[in-house]
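Subject: Structure handover

Dear colleague,

Please find the structure below, with my notes after it.

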Amino acid sequence: MHSPTGYARPTGPLAPGAAAERSGLDYCGRFAPSPTGPLHAGSLVAALASWLDARAHDGRWLVRIEDVDLPRCIAGADRQILGQLEALGLVPDEAPIWQSKRGGVYAKALQRLVDAGLAYPCGCTRAQIAADHAGRGSPVPRHGELAYPGSCRPERGGLLGRAARAWRFRVDGKGGAPAVVHWQDRRLGAQSQDVERAVGDFVLKRADGLWAYQLAVVVDDAEQGVTDVVRGEDLLDNTPRQLLLQSALGVPAPRHLHLPLVRAADGEKLSKRHGAAALALAGEAQRLATLGDAARALGLPLELHRPAAGSTRADWLARAVAAWGERLALPTTPTAWP
Ligand SMILES: [Zn+2]
């Protein structure tokens with residue numbers, strides 16, 4: 001990773017210029033599942049899309065097990081996911097890494113942000129955050145969470161004698177800069193978010209001692225040389241926070257492609273909570289049919305949806321890579337979908 005060179009405040013779209021000049025040769029993509037259960041139809045679509053995008057650009061493809069939120073993880077689900085990917089022919093180019101084993105790396109990144117004046121300890125409970133909002137006017141909850149109002153910023157007195165519960169990232173740099181992030185999504189086009197208003201200074205290390213998702217993702221993407229993030233649209237909202245962290249740590253911002261979510265019949269996002277069915281992977285015909293379902297969800301050509309009898313996974317995957325490459329060019333301009 002690069003050493004911090006101060007906080008380079010983004011002034012326009014973040015890094016797409018530099019990103020667009022990268023050749024396919026240094027493309028590196030990743031699939032980063034949380035082991036909260038086996039893959040289901042929705043998570044397989046994200047896995048397949050990231051694999052196809054990497055292969056279509058002659059890039060590397062990695063798998064990272066995002067198990068920082070250990071209480072939510074299910075024992076054995078990581079191995080189950082890796083086995084499912086392998087059964088479908090989606091094999092990473094390097095050994096997978098587990099975020100739960102990387103606490104020391106995240107600690108160093110947090111220390112760099114603290115040293116740069118970009119992270120500070122917070123002693124607030126949820127109740128205190130709500131009370132602070134009530135004193136300032138009308139709070140607007142987002143996903144049921146109130147934006148953090150910066151109560152423990154050093155210039156407001158810091159912890160004021162309370163114990164540190166969490167560590168937070170200053171979204172306004174060293175103070176006063178607007179935290180409006182602009183970026184280009186390969187499918188959705190121009191995006192922006194006022195992070196201070198929508199989220200506030202967000203958590204890097206949680207009150208329960210666990211590392212926050214945002215810090216772990218940014219540190220790992222940088223260290224693994226990930227150039228391209230292809231993931232579900234439900235994660236779109238994390239992107240501006242991750243871009244701010246990348247800027248603060250002086251690491252490159254990846255390109256982003258957020259995929260439409262696979263929805264259940266009632267229009268809800270497909271998930272384990274929703275009772276998404278287990279993937280059918282017994283035997284070659286089932287595996288091809290499972291890949292075909294994912295191809296349909298991704299809007300790939302009809303002939304990939306119901307593979308012909310006798311076709312092999314290697315043949316199917318090669319045709320899917322070709323179809324993906326024809327449809328999705330690398331530049332950051334908005335792409336018609338499907
Ligand atoms: Zn606080």
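What joins β6 to β7, and through how many residues? A hairpin does, through three residues. Helices (H or I, at least four residues) and strands (E, at least two) are DSSP runs, numbered from the N terminus.

This is a predicted model, in which local features need pLDDT of at least 70 and side-chain atom pairs count only at pLDDT 80 or more, while totals for chains, interfaces and linings use all residues. Residues are numbered from 1 along each chain as its sequence is written.

Strands β6 (residues 180-185) and β7 (residues 189-194) pair in the antiparallel sense over six bridges; pairing requires at least two DSSP bridges between the strands. D185 is opposite G189 in β7.

Helix α2 covers residues 41-56, and its 16 residues should span 22 Å at 1.5 Å a residue, which agrees with the 22 Å between its end C-alpha atoms. The expected span is 1.5 Å times one less than the number of residues. Of the 16 residues in α2, 15 are buried (20 or more other C-beta atoms within 10 Å of the residue's own, with C-beta atoms placed from the backbone). After α2 comes D58, with a positive phi near 50 degrees.

Regards

Key
Buried ≥ 20, exposed ≤ 12 C-beta atoms within 10 Å, placed from the backbone.
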